[in-house]
Amino acid sequence: MFATERQSMIVEMIRRYGSVQVDMLAQELGVSAMTIRRDLVKLEEENKIERCHGGAVAKQEETYADKQISHQHEKQKLAEICASFVSEGDTIFLDAGTTTYEIARLIKDIKGILIVTNDLEIAQLLKSSEAELFICGGSVQKSTGSMFGRYATQMLEDFKFDAGFFGAASINEDFEVTTPTSEKMWLKRHTPMQCRRSYLVVDQSKFGRQAMTRINHLGDYTGIVTDKVFSPAEHKRLEEMNAVIIQKAV
């Protein structure tokens, strides 16, 4: 097996499982632990993975700039669907992310709307709009412009929302929503429960991916707005977990 082929397999295994150990990779691929360590060093230099003690984990979240240009057309179409769920006078939560930014762009001038967000880029967009704006306090992840942590979560505990729109870094094969940043888990897990209607808005690229920390599963939202095409078997599993797919041709 060529080194490039082996390294591609390592990246795929990390993507699938979220993290891997050197000994496991060596046994699975039939090479020495030293060879695996060299592979991991090269993959980290190429910004494909992150090494950790005894192995490697999936690369942490993309920067905001990278996310903005990734699947941009799909995100805009999904945002159009979401905007149709917002009415005058609604109180809306917008999770941090580039898809929710597109939603903000479409709903910012709806009459009487109040928007709460933990995204600095969304807040910057909304500051000159007609929308009333609340920003969560807390730690700032500078690469993505999002706020998270105990203070942000505590602030949100006092809010009730007509609708909330949430993004996701990854959704695994069991249709569990996961995140590479464990500190974001509490906000992303609990805020949907404070919404009369909660929507997970994800393009097809987010499926079949595994990150370190579980947030919830697709059945925990009012609806999943996506462009992913599901197989009959997947539809059956989604029905069993009471997941509602909201889908239009995009």
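This is a predicted model: local features need pLDDT of at least 70, side-chain atom pairs count only at pLDDT 80 or more; totals for chains, interfaces and linings use all residues.
A cavity, as the word is used here, is a set of grid points where a 1.4 Å probe fits but cannot get out. The structure holds one cavity of 30 Å³ or more, and the volume of the largest cavity comes to about 30 Å³. Lining this largest cavity are Asp-95, Ala-96, Asn-118, Ser-146, Met-147, Phe-148, Lys-184, Leu-187 and Lys-188. Two elements, strand S8 (146–148) and helix H9 (185–190), each give two or more residues to that lining. Strand S8 provides the largest share, with three residues.

Next comes the sheet that includes strand S1. Three strands make up this open sheet, in the order S1-S3-S2 and with antiparallel pairing. Strand S1 (19–21) and strand S2 (49–52) sit at the edges, each pairing on one side only. On average, neighbouring strands of the sheet are turned by 25° against each other, direction ignored. Between S2 and strand S3 (residues 55–58), which run antiparallel, there are four bridges.

Helix H1 (residues 3–17) lies across S1, S2 and S3, and runs at about 125° to S1. Helix H2 (residues 22–29) also packs on the sheet, where it touches S1 and S3. The direction of H2 makes about 75° with that of S1.

With strand S10 (residues 170–171), S11 pairs in the antiparallel sense over two bridges. Ile-171 has Val-177 in S11 as its bridge partner. S10 and S11 form a hairpin, with four residues between the two strands. In the turn of this hairpin, Phe-175 has a positive phi of about 60°. S11 also pairs with strand S13 (residues 213–217), again in the antiparallel sense, this time over four bridges. Within that pairing, Thr-179 has Thr-213 of S13 as its bridge partner.

As for the cysteines, the tally of disulfides comes to zero. A disulfide is counted when two cysteine sulfur atoms lie within 2.5 Å. The sulfur of Cys-136 has its closest cysteine sulfur in Cys-195, but the two are 11 Å apart, so they are too far from each other for a bond. Seen from the other end, Cys-195 is in no disulfide, and its nearest cysteine sulfur is that of Cys-136, 11 Å away. Buried means under 20% relative accessible area. Cys-136 has a relative accessibility of 1%, so it counts as buried. Cys-195 is buried too, with a relative accessible area of 10%.

The partly exposed class runs between the 20% limit for buried and the 50% limit for exposed. Gln-76 counts as partly exposed because its relative accessibility is 27%. Setting aside neighbours within four places in sequence, Gln-76 is in contact with Glu-102 and Arg-105. Thr-98 is 22 residues from Gln-76 along the chain, and the C-alpha atoms of these two residues are separated by 9.6 Å.

Note on methods: Residues are numbered from 1 along each chain as its sequence is written. Side-chain values use heavy atoms; hydrogens and water are left out. Buried means under 20% relative accessible area, exposed over 50%, partly exposed in between (1.4 Å probe, protein chains only). Two strands pair if DSSP finds at least two bridges between them. Axes are lines fitted to C-alpha atoms, for helices over the stretch in contact, and angles run from 0 to 180 degrees between N-to-C directions. Contact means heavy atoms within 4.5 Å. On a 1 Å grid over the protein atoms alone, a cavity is a set of points where a 1.4 Å probe fits but cannot get out, and a pocket is an open set with protein on both sides within 12 Å along at least five of seven lines; lining residues have an atom within 4 Å of a point. Grid points are joined across faces, edges and corners, and a volume is the space filled by probe spheres set on the points.
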